[in-house]
Protein chains: 2
Amino acid sequence: MELLKNKIIEEGRVLSDTVLKVDSFLNHQVDPKLMKQVGEEFAKKFRNTGITKILTIESSGIAPATMTGLELDVPVIFARKRKSLTLTDHLFTAEVYSYTKKTSNEISVSKDFLHEDDIVLVMDDFLANGQAALGLLEIAKQAKATVVGVGIVIEKGFQTGGKQLRDKGIRVESLAIVESLSDGTVRFKEEARI
Amino acid sequence: MELLKNKIIEEGRVLSDTVLKVDSFLNHQVDPKLMKQVGEEFAKKFRNTGITKILTIESSGIAPATMTGLELDVPVIFARKRKSLTLTDHLFTAEVYSYTKKTSNEISVSKDFLHEDDIVLVMDDFLANGQAALGLLEIAKQAKATVVGVGIVIEKGFQTGGKQLRDKGIRVESLAIVESLSDGTVRFKEEARI
């Protein structure tokens with residue numbers, strides 16, 4: 001998605017060879033118009049897959065997922081993230097390890113909102129080591145729902161999450177795949193090579 | 001907002017005289033179409049106030065705020081919520097006490113995104129004791145930004161937050177004001193009496 005790549009180049013800050021900060025339009029400040037276009041792009045890719053629910057995770061997944069839900073006319077569930085859960089009776093839960101923060105979080109979704117007959121698009125803002133996406137897939141599996149794919153705004157192509165998911169046969173659609181952040185420069189994987 | 005009130009009556013669950021759960025369209029599962037209409041409603045109310053930024057708080061404020069930002073064509077900042085902050089150098093911070101959870105959280109906004117010349121609409125999903133809104137107002141004050149008002153999706157009119165804010169001369173616009181939850185029934189404050 002050219003518009004997104006341009007925004008990353010203009011406003012993204014490369015903090016190290018592995019850290020890209022896009023706080024100005026995705027992770028802290030949100031650009032609603034760009035999110036709308038992101039939603040339209042995902043809707044185009046997944047239009048004919050019969051999606052009934054979008055499943056994402058708080059907080060940065062919410063804006064792009066809500067815009068995608070608007071286009072596809074389906075509800076969006078955002079999984080809750082907690083250090084640990086005490087009451088898990090009516091919840092699907094999964095553990096998500098954050099390599100950045102070096103801590104585990106429990107993510108959860110109420111059993112009220114995800115069912116066996118649901119056709120789910122999993123979404124997130126970033127795909128790096130794939131932990132969040134794997135946690136969401138685990139939750140969809142517990143619900144016995146069908147997953148049609150994973151929609152990612154920015155994939156770090158040099159980390160293993162994308163490969164892990166694709167090796168499982170999961171359809172992963174990333175609107176921008178960053179190939180490298182070395183020398184403080186964002187380099188994208190070319191479309192044709194994806 | 002009739003549509004919202006109907007949704008609350010249809011899907012809201014009254015758990016006690018003070019607790020209303022709207023997990024099916026606002027706080028866990030999100031109804032993107034309704035959020036779009038919520039955004040349009042806020043935009044109508046605040047259209048001519050020169051807003052340059054919307055300031056909300058993760059996670060449930062993000063969807064309605066992003067839709068409002070889309071209508072008003074302004075960026076949305078969501079304050080981060082943390083138990084405690086270690087690095088606060090480049091942040092505006094405020095403490096927010098949760099009466100429900102009986103704990104304090106520190107909320108923060110990067111100094112990169114809020115400035116003296118900003119005209120801010122503060123938004124949140126719920127207004128009860130007003131702690132979150134007061135925290136966001138405190139952050140706007142630290143940035144020396146101008147606040148034109150507070151936009152709330154659901155106000156609990158029987159709790160003190162709304163009165164506290166209005167007594168300070170702040171314009172508060174709530175799309176639905178719940179007057180009472182007694183006997184397991186949602187009663188709204190009538191429009192004319194607001």
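A crossing of two helices is called right-handed if the near helix is turned clockwise from the far one by less than a right angle, and left-handed if it is turned anticlockwise. The model described here is a predicted one. In chain B, the crossing of α3(B) and α4(B) is right-handed.

**Helix α3 against helix α4 within chain B**

- The axes of α3(B), residues 32-46, and α4(B), residues 62-72, come within 7 Å and cross at roughly 55°; the two helices are therefore oblique to each other.
- On the α3(B) side, the residues in contact include Pro32(B), Met35(B), Val38(B) and Phe42(B), while those of α4(B) include Ala63(B), Met67(B), Leu70(B) and Leu72(B).
- The residues of this contact between α3(B) and α4(B) comprise 10 nonpolar, two polar and three charged.

**Helix α3 of chain A against helix α4 of chain B**

- α3(A) packs on α4(B) at an angle of about 105°, and their axes lie 8 Å apart; this makes α3(A) roughly perpendicular to α4(B).
- Pro32(A), Lys33(A) and Lys36(A) of α3(A) make the contact with Thr66(B), Gly69(B) and Leu70(B) of α4(B).
- Two nonpolar, two polar and two charged residues make up the contact of α3(A) with α4(B).

**Helix α1 of chain A**

- Helix α1(A) spans residues 2-11, and its buried residues are Leu4(A), Lys5(A), Lys7(A) and Ile8(A).
- Viewed down the axis of α1(A), these buried residues fall within an arc of 160°, so they line one face of the helix.
- Glu2(A), Ile9(A) and Glu10(A) are exposed on the other side of α1(A).
- The buried residues of α1(A) pack against several elements of chain A, among them α2 (23-27), α3 (32-46) and β9 (146-156).

Notes
Residues are numbered from 1 along each chain as its sequence is written. Chains are lettered from A and ligands numbered from 1 in the order in which they are written. This is a predicted model: local features need pLDDT of at least 70, side-chain atom pairs count only at pLDDT 80 or more; totals for chains, interfaces and linings use all residues. Side-chain values use heavy atoms; hydrogens and water are left out. Buried means under 20% relative accessible area, exposed over 50%, partly exposed in between (1.4 Å probe, protein chains only). Helices (H or I, at least four residues) and strands (E, at least two) are DSSP runs, numbered from the N terminus. The arc is that of the directions from the helix axis to the C-beta atoms. Contact means heavy atoms within 4.5 Å. Axes are lines fitted to C-alpha atoms, for helices over the stretch in contact, and angles run from 0 to 180 degrees between N-to-C directions. Angles under 35 degrees count as roughly parallel, over 145 as roughly antiparallel, 65 to 115 as roughly perpendicular and the rest as oblique. Ala, Val, Leu, Ile, Met, Phe, Trp, Tyr, Cys and Pro count as nonpolar, Asp, Glu, Lys and Arg as charged, and the others, Gly among them, as polar.
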